[in-house]
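Keep the viewer open as you read.

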Amino acid sequence: MSVSALETKRLEAVLKGDEEVEVVGTGTDAVAYALMLADVDVTSAYPIRPYGGVMQTVARLIADGYMKAEYIVAAHEHDQFEIVKHASAVGARTFVGSSGVGWLLAIEAIVAISTDRYPVVALIGNRALDDPGAYGVEHNDALMVRDVGWLLVWVDTAQEALDTTLIAYRVAEDPRVMLPVGISMDGAFLTHSEHVFKIPPKKKVQQFLPPYDLGNRKLHPSNVISVAPQVNEDWVTEIRKQMDEAMKNARKVIEEAYRDFAKIFGRDYGNPFVEPYMVEDADVVMVGMGTVSKPIKEAVRRLRAKGERVGFLRIRWFRPFPTEDIIRYLSGVKVVAVVDRDYSFGSPFDGGAVFTEIRSALYETDHRPLMMNFIGGLGGREITYNDAINMFNMALEAARKSKVEQRVIWYGVRE
Amino acid sequence: MTISIKLARTVKDLLMMAQTEYFDSGHRTCQGCESAMVLRWVAKAAGPNTIVIGATGCMYVANTTYYTTAWALPWIHTQLSGTGSAVVGTAAALKALMEKGKLPNEKINVIGICGDLGCADAGLSEVSNAMTHTKYNFLILMYDNESSANTDIQETTMTPFGALTTFSPSGKQVRIMKYRWKKNMAAMMAVGHPEVRYVATAIASDPIDLYNKVKKALEIGGPTFIHTLDPCPKGWGYDPKYSHEIGKLAVETGIWPLFEIEDGKFRLTSTSARIASGEIKRKPVKEYIRRQSRFKHLTDGDIEYIQRKVDEMWEKWLIPGLIPLTKELPYPEVTKASTK
């Protein structure tokens with residue numbers, strides 16, 4: 001279980017040297033290395049798949065001395081999230097994570113973390129909710145907190161997971177934001193698949209990420225404050241409005257963070273909020289979050305080769321929602337087809353959560369596209385290249401007819 | 001005795017040693033609230049180098065109205081069941097930050113305060129988990145007013161047998177809704193977590209005993225636990241001016257034994273020690289029960305039942321107040337038989 005000789009050499013290189021080091025590892029490994037580089041002070045663990053791998057790697061890094069942090073095995077997820085909330089309150093940089101029902105068990109603490117304005121960073125290894133049991137990916141777990149002040153970002157590769165973890169601390173801890181960040185990672189497809197990625201040197205991380213400073217909100221005997229007293233109707237509105245401002249500020253802070261990240265590490269993600277893929281001049285654009293990008297991009301390439309004007313837009317940051325980018329890339333497109341790895345029963349047009357938000361963002365535009373919604377890939381069911389081609393064909397058909405026959409399609413559902 | 005600190009022996013000692021108030025004016029607790037008295041003594045015993053964490057409950061809602069906080073110590077709210085987690089997170093962060101040189105190295109007391117609902121019911125698994133984290137230093141204080149007193153006096157597992165609450169009224173068909181016997185929390189903490197170095201019971205009507213126990217708990221290190229029984233005029237049904245008297249009766253009748261367990265050594269303290277030594281005789285439980293309207297529907301037969309249970313605790317338990325197994329254990333005979 002301990003770190004191999006090869007890994008030892010590589011970890012020592014990034015901790016002491018100036019160069020990045022290429023390794024092979026899972027998506028959760030990549031996050032664990034980021035936590036080592038970010039010098040996280042306190043973390044708490046509780047086992048649940050598929051996020052749990054990150055805590056196994058962190059445990060190993062601590063046991064072998066590469067990382068120095070208090071590692072607390074909690075009684076359950078509510079315990080886990082309360083632990084980091086209070087560690088954050090006295091000035092510790094913290095990490096926590098969960099999946100599916102575990103994330104939901106912690107929901108009271110999760111909300112208190114954002115309403116108390118603690119910049120906790122969490123990994124959500126996206127997983128279907130029970131019942132019935134399913135290990136596989138579904139985005140409803142993370143989406144449960146879309147309204148309560150958590151920044152939410154979906155990553156696509158192990159490299160992006162590592163980089164986004166560092167960016168997450170920088171954004172969360174910015175005094176203009178001071179809100180927690182949830183990093184969503186598709187269960188199994190990314191948490192458990194092996195990728196080649198680069199671990200940057202710690203020296204550069206220190207350049208990028210200033211120490212966590214709570215300022216005059218730090219709980220300490222030298223700073224006698226009362227945190228989160230009973231306020232009732234007198235102050236709740238004002239406190240929530242401050243969160244609204246912080247969430248709006250986050251857009252600018254995220255942009256700055258990606259800009260500095262590109263400067264310091266030499267990896268440029270372009271637009272931080274969305275990843276446009278061959279969207280220029282596209283008649284049909286598919287939109288999705290997470291690893292569904294892989295089959296869809298492949299389908300885009302093949303269809304483009306055949307002369308079809310199709311493209312893909314991957315949403316990276318769901319909160320704050322990239323309203324302007326959605327308008328910029330999707331206004332004027334003939335058909336927008338949103339792939340939702342989630343459901344929102346009884347929502348407008350009975351569509352998925354991402355579909356509904358995009359539709360809302362596009363309401364004000366002059367050139368509103370036709371919109372289709374594919375709900376699929378639930379419980380970890382794979383969305384394949386062929387599925388992506390089928391979806392594109394349906395959308396292309398709608399574009400030709402300038403008419404959507406069926407707005408929301410539960411893709412591949414067995415009757 | 002593994003700890004050497006200055007303890008109070010007399011009321012004069014206590015007044016001299018604890019002059020500064022750290023739980024001060026600004027709170028809105030009821031008249032005669034013994035939980036508020038407990039907090040006052042805990043804060044005095046802890047002193048200024050302390051972080052206090054308060055779970056949802058009476059002592060959150062009544063004490064920390066925005067702009068009028070009663071705490072002259074750094075204080076933070078935690079969720080109803082969050083006390084065990086919050087003390088662990090706080091103590092772990094202090095340890096990490098001090099070891100990494102991100103905070104000056106000094107002793108900071110971490111005290112988590114929770115009521116019976118938050119501690120013994122909702123937060124039990126967190127508190128239990130906290131008690132196993134022996135590398136962190138903190139005290140969990142459970143103020144037990146035997147009901148969810150802030151939300152209209154509802155039954156908790158710590159509500160005593162027979163007591164009226166809004167969840168356990170007495171009616172024509174069901175005379176006694178609260179049929180469950182009260183949990184023994186301090187014992188559960190001590191016996192269930194053998195590495196914990198200090199566990200005690202206390203009561204505000206015996207402030208010397210309470211103050212000394214808090215001092216010891218904070219001095220000895222690791223996770224520690226104190227359970228106080230807090231008479232509550234609103235929930236128990238008596239004139240607020242009798243709070244101390246009711247508290248004293250709880251101890252004198254033997255219903256609430258005062259004890260401490262320090263490094264595995266059990267010792268009854270104060271009035272309870274004098275009862276055990278025969279110096280004073282236990283008063284009948286009736287004297288305690290008939291003073292409170294929450295027991296007004298109990299018959300003499302009910303009270304005899306409670307008296308029998310209390311007698312059993314003092315006379316038959318392996319350790320009174322701690323281990324509810326009787327001395328007639330079967331295993332010596334079994335052992336004898338098996339060695340034949």
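## A buried leucine in chain A

Let's begin with A:Leu313, which counts as buried because it has 27 C-beta neighbours inside 10 Å. Bear in mind throughout that this is a predicted model. A:Leu313 sits in strand E12 of chain A, residues 310–315. Now pick A:Thr157, 156 residues away along the chain: its C-alpha atom and that of A:Leu313 are separated by 16 Å.

How is chain A divided up by the domain assignment? Domain 1 covers 5–265 and domain 2 covers 274–410. Their centres, taken over C-alpha atoms, are 29 Å apart. The contact between them takes 27 residues from domain 1 of chain A and 19 residues from domain 2 of chain A. On the domain 1 side, the elements giving two or more residues are helix H7 (140–143), strand E6 (151–154), strand E7 (181–186) and helix H10 (236–265) of chain A. H10(A) gives the most, with five residues. By type, that side of domain 1 splits into 16 nonpolar, five polar and six charged residues.

The largest nonpolar core holds 235 residues, and the members that touch the most others are A:Val171, A:Ile183 and A:Val285. Both domains of chain A give residues to this core, so it lies between them. For A:Val171, leaving out neighbours within four places in sequence, the contacts are A:Leu151, A:Val177, A:Val181, A:Ala250, A:Val253, A:Ile254 and A:Ala257.

A:Ala161 belongs to helix H8 of chain A, residues 158–172. Is A:Ala161 buried or exposed? It is buried, since 30 other C-beta atoms lie within 10 Å. Its contacts, again ignoring neighbours within four places in sequence, are A:Gly27, A:Ala30, A:Val31, A:Val155, A:Ile183 and A:Met185. A:Ala161 and A:Asp29 are 132 residues apart in sequence, yet 9.3 Å apart in space, C-alpha to C-alpha.

## A sheet with strands from both chains

Next, a sheet that draws on chains A and B. Nine strands make an open, mixed sheet in the order E9(A)-E2(B)-E1(B)-E3(B)-E4(B)-E6(B)-E5(B)-E7(B)-E8(B). The edges are strand E9 (226–227) of chain A and strand E8 (265–268) of chain B, each pairing on one side only. E9(A) runs parallel to E2(B), with two bridges joining them, and A:Val227 has B:Ile76 as its bridge partner in E2(B).

Further along, strand E3 (109–115) and strand E4 (138–144) of chain B also run parallel, joined by five bridges; B:Gly115 is partnered there by B:Tyr143. Helix H8 (207–220) of chain B lies across E3, E4, E5, E6 and E7 of chain B, at about 160 degrees to E5(B).

## Where chain B meets chain A

How many residues take part in the contact between the chains? There are 42 from chain B and 38 from chain A. H4(B) supplies the largest share of chain B's side, twelve residues. That side divides into 21 nonpolar, 18 polar and three charged residues.

H4(B) also packs against H6(B): their axes come within 6 Å and cross at roughly 35 degrees. The contact uses B:Thr83, B:Gly84, B:Ser85, B:Val87 and B:Val88 of H4(B), plus B:Glu126, B:Val127, B:Asn129 and B:Ala130 of H6(B).

Most residues other than glycine have a negative phi, and most peptide bonds are trans. Chain A has some exceptions. The bond joining A:Asp130 and A:Asp131 is cis, with omega about -10 degrees, and the bond from A:Asp131 to A:Pro132 is cis too, with omega near -15 degrees. A:Pro132 lies in the loop between E5 and H7 of chain A.

Then there are positive phi values. A:Arg117, in the loop between helix H6 (107–115) and E5 of chain A, has a phi of about 65 degrees and is buried, with 22 other C-beta atoms within 10 Å. A:Asp281 has a phi near 60 degrees and sits in the loop between strand E10 (274–277) and strand E11 (284–288) of chain A. A:Asp281 is exposed, as 8 other C-beta atoms lie within 10 Å.

Definitions and conventions:
Residues numbered from 1 in each chain as written. Chains lettered and ligands numbered in written order. Predicted model: local features only at pLDDT ≥ 70, side-chain atom pairs only at ≥ 80, totals over all residues. Domains from an automatic or database assignment. Contact = placed C-beta atoms within 7 Å. Helix = DSSP H or I, 4+ residues; strand = E, 2+ residues; numbered from the N terminus. Nonpolar A, V, L, I, M, F, W, Y, C, P; charged D, E, K, R; others polar. Core = buried A, V, L, I, M, F, W, Y, C linked by C-beta atoms within 7 Å. Buried ≥ 20, exposed ≤ 12 C-beta atoms within 10 Å, placed from the backbone. Pairing = 2+ DSSP bridges. Axes fitted to C-alpha atoms, helices over the stretch in contact; angles between N-to-C directions.
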